[in-house]
Amino acid sequence: MTDIQTENLLELKDLCMSFYTDEGKLPALSNVTLHIKKGQILGVVGESGCGKSMTALSIMRLIPSPPGKIDSGQILFNGTDLTQLSKKGMQKIRGKEIAMIFQEPMSSLNPVVPAGKQIMEAITAHEHTGRKEAEARALEMIGKVGIPMPDKIFHSCPHQLSGGMRQRIMIAMALVCKPSLLICDEPTTALDVTIQAQILKLILDLRDELGTSVLLITHDMGVISEVAEMVVVMYAGQVVEYTSAKDLFTRPMHPYTTGLMESIPKLNEDVEELHVIPGSVPMLNALPEGCLFAPRCPFTKDMCRKWKPAIYGTENHQVRCFKYSTEWEKQS
Amino acid sequence: MNKKKGISENTKGFYRISWDILRKNRLAMICLFIVAALIVIALFAPLIAPRDPDLQIIKEKLQKPGPMHWLGTDEFGRDILSRIIYGCRISLSVGVISQLIGTVIGFSMGVCAGYFGKKTDAVISFIIQVFSSFPFLLFAIAIMFVLGPGLNNLYIALGLLSWTPTARLIRGDVLRLKNSEYIQACIIGGGSNLRIILTHLLPNCFYTLIVTSTLGIPGAILSEASMSFLGLGVQPPMASWGSMISNAQAYIRSSTYYSIAPGIAIIITVMAFNLLGDGLRDALDPKMRS
Amino acid sequence: MKKYLLSRIAQAIGVVFAISLITFFILNIIPGNPVQLMLGEFATQETIDRVTHEMGLDKPVILQYLNWLGNMLRGNFGTSYFQGRPVIELLGQAFKVTAGLSLMSYALALLSGIVFGIIAAVYHNKFLDKLLMVLSIAGISAPNFWIAIILQIIFGLRLHWFPISGVSSFAAYILPTLALGTRYAASISRITRTSMLEVVKQDYVRTAQAKGLPSWKVTMGHTFRNALLPIVTLAGSDLSTIFTGSMLIESVFSIPGIGKLLLDCIGNRDLPVIEGGVMYIAVICVLIYLLVDLLYAVIDPRIRLGGENE
């Protein structure tokens, strides 16, 4: 297992990011706070549109800049605040210290450049190596991500490769400079189920070998249970719960998380109807005052509708819900 | 279900939304206004032009722009401003009529190619290929060579040659539509081919037809100007902007204003149609609805 | 890839034949007896008939077509009615001039068009973008013969920098090149910009940024590289229109190119030259399209390499 170090590799503090459009200000991320330790795998889970991908893109500072903008908060990576970094500074970090792989391997690779050259590009952008050495390293990496006949694949163009292979190439490209953090945005969603398992195992193995921390974004609970150590649950642009993967399934605290868990059909239970959480996710331009989940929560009290809850709980299990505050019992 | 009307996107709502999008595009609205003004000028030329464009007053020839003749006079003493106003009639009529002819031919060919498939498609696609492989203007000159110069022949020549882009796009549309479920249902439901084409295919091709014809007008206007410049288009004493530029060549040393004005007229007209066409295309584009 | 090339070549040959058919029949159904025109007003009917027979113009049209085609395939384009020289000679001479002018213009247009297009895309929605776009719309809206005349007035007559007619020196090519190239530079810059803006939305551009590549590398190696295809398509169809464009420019600047030759021969109904010239241009246009198709295969490995392997 990983040895937990007390230092945080990545820490997001109260990150707020909004889109400024013709329809007004859309707060995509509100006070997002999370942290990853060295060598840790943090899962980020939530429905589509809850802000998971936006969090990842904010860390990489790849949010399309009109109309998106980071309003406030900090992104601390090894102590440096990424929100204050210049464009050049950020370019040095991307690909080298923090790398990212995306959901659609089909469209995420340059269609006219051979796969091997795309991996080499990542190397030559950050390190002063000669062409031959870069080529050798790229070949090695292709082999490391479990692709047979690396030589042939090196010269192949993306359209000649299958989906699983393309995702492996993406992983190779991301890890070739040995970054300390790998962000995976739904890495297996677009792949067949059998390939999914392989890719996840690959990520785990590489983490073990290289000591890379992983931020894994997904909406798939199965992936979380397989791979994640700690998990962050997001809802409507906010973090609502942070706990270990085990506790997420056995002791969920936030009413939203509980609802999610109950919605998963279990093999050993016979149910007439699938459980649903009533209502729907609020639109970004019509967010409720007070707790964002209040309109759909079975435990809502007056204070939930009026005030925004702070974060309560212990170091290893935190929740943004008034139910766990000391004043809960006193309120009606 | 209303079988009489063709099934297409909620028609009224679709055009309403398009108009809203177009309205927001300031540049396109300005060009819409300019095009409307040009149409008015063309239609009401006799009322707007200060003088008779063919009236020759040799005494007043080659005068610089002044209070009597705002844009000066040409080598026969004719008022240039009036000739430009009448020239607007020629340019716009060539643009509109040739595009009309071209669109009708293009739609027919495109539909036949896409709808009847196989051999018809192969033949028509080949014809399209032949027509596109050859420089447009050269073909036009060849046709004018055969028909003889003159405005009416110009309508025919340009109309006969401008159908290819429309045909290509319509063919693509029809191929796509043919595979859609509701067209399949129409075919199974019976009804003559002509009926299916006119009531179901045609409404769905409006986008393509409107955009290609609007964007084809600038080309037609420039072609007319070029042909008239070469002496193969409009014949004297008719005033076409192209032929005016040609006549002005002999006097570029002394009367440069003569060369400039008709060119500016062409640029404004063509630019307005181009920008309007772009705006229309964006406003009507079904893919850009978010 | 071979299949692709072969099918394209077969198609090209078919097109050339079709054009030859159309050309010949259109040009030979015109009224007016070219022999009469050639011999002048005072020729007797007898002479006209004799010359007509000598020139084979009294045979049925189909036979005339086949003769003509057969001759052309052997390189014999006939003899000019009015200049008495072999058509192919006249065409070759004129073509050299036109080719020089066209290539220079297009090279200039490509260079400036692509550069301006990339700049406009990179500075999207800023002032530079809007300015370049207005200029490019003006460029495609202005008749090139008018631009030629304006250039003559400003740089030839007022400033005396360049000659305004003939091709006596290299300097004489400058104004015509500018006049001919403007329109193409404008349309290339528009398509470059549009294509770049389309490509920049693609996922793989974001991947390139996520790798930490410097901006210029993302723009040139990823965005532009993939934006090339539509630009090449446009370049292909542009190149064939450059002949008619140069026709007008040659007329303004009195340049002895193929355009001017054709125009003159249309004036005096010199049929062999017209037929030969049209075919000459047609073959060149078709060749250009073939070259462009070849270029596609080079630029886009998807065409070159074919499908998927595991």
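Two residues are in contact here if their C-beta atoms, placed from the backbone, lie within 7 Å. Please keep in mind that this is a predicted model, in which local features need pLDDT of at least 70, side-chain atom pairs count only at pLDDT 80 or more, and totals for chains, interfaces and linings use all residues. Residues are numbered from 1 along each chain as its sequence is written, while chains are lettered from A and ligands numbered from 1 in the order in which they are written.

**Figure 1. Where chain C meets chain A.**
In this view, 22 residues of chain C are in contact with 26 residues of chain A. On the chain C side, α9 (203–210), α10 (215–253) and α13 (301–305) each supply at least two residues; helices (H or I, at least four residues) and strands (E, at least two) are DSSP runs, numbered from the N terminus. The largest share of this side, six residues, comes from α9(C). By class, the side of chain C that touches chain A has six nonpolar, eight polar and eight charged residues. For these classes, Ala, Val, Leu, Ile, Met, Phe, Trp, Tyr, Cys and Pro count as nonpolar, Asp, Glu, Lys and Arg as charged, and the others, Gly among them, as polar. Chains A and B do not touch, and their nearest C-alpha atoms are 12 Å apart.

**Figure 2. Where chain B meets chain C.**
Of the two pairs of chains that touch, B and C have the most contacts. Chain B brings 32 residues to the contact and chain C brings 34 residues. From chain B, α5 (118–133), α6 (136–147), α10 (193–229) and α12 (256–284) each supply at least two residues. The most comes from α12(B), with nine residues. The side of chain B that touches chain C divides into 23 nonpolar, eight polar and one charged.

**Figure 3. A helix pair across the B–C contact.**
Here α5(B) packs with helix α1 (residues 2–28) of chain C at an angle of about 75°, with their axes 9 Å apart. Axes are lines fitted to C-alpha atoms, for helices over the stretch in contact, and angles run from 0 to 180 degrees between N-to-C directions. The two helices are therefore roughly perpendicular to each other, a label used for angles of 65 to 115 degrees, with those under 35 counted as roughly parallel, over 145 as roughly antiparallel and the rest as oblique. Look for F126(B), Q129(B), V130(B) and S133(B) of α5(B), which meet Q11(C), G14(C), V15(C), A18(C) and I19(C) of α1(C). This contact has five nonpolar, four polar and no charged residues.

**Figure 4. Two helices of chain B and what covers them.**
In α5(B), the residues I124(B), I128(B), V130(B), F131(B) and S133(B) are buried. A residue is buried if 20 or more other C-beta atoms lie within 10 Å of its own, exposed if 12 or fewer, and partly exposed in between, with C-beta atoms placed from the backbone. The cover over the buried residues of α5(B) includes α4 and α8 of chain B, together with α1 and α12 (271–299) of chain C. Helix α8 (residues 164–178) of chain B has 15 residues and reaches 21 Å from its first C-alpha to its last, close to the 21 Å expected at 1.5 Å a residue; the expected span is 1.5 Å times one less than the number of residues in the helix. Among the buried residues of α8(B) are R168(B), I170(B), R171(B) and D173(B). What covers the buried residues of α8(B) includes α4 (80–116), α5 and α10 of chain B.

**Figure 5. A cis peptide bond in chain B.**
The peptide bond from P236(B) to P237(B) is cis, with omega near 5°. You will find P237(B) in the loop between α10 and α11 (241–248) of chain B.

**Figure 6. Two positive phi values in chain A.**
R61(A), a residue other than glycine, has a positive phi near 55°. R61(A) lies in the loop between α1 (52–59) and β4 (68–77) of chain A, and counts as buried, with 20 C-beta neighbours inside 10 Å. E186(A) is not a glycine either, yet has a positive phi of about 50°. The loop that holds E186(A) runs between β7 (181–185) and α7 (193–210) of chain A; E186(A) is buried, with 21 other C-beta atoms within 10 Å.

**Figure 7. An exposed strand residue in chain A.**
D14(A) sits in strand β1 (residues 8–21) of chain A and counts as exposed, with 12 C-beta neighbours inside 10 Å. Leaving aside neighbours within four places in sequence, D14(A) is in contact with N31(A), T33(A), S72(A) and G73(A).
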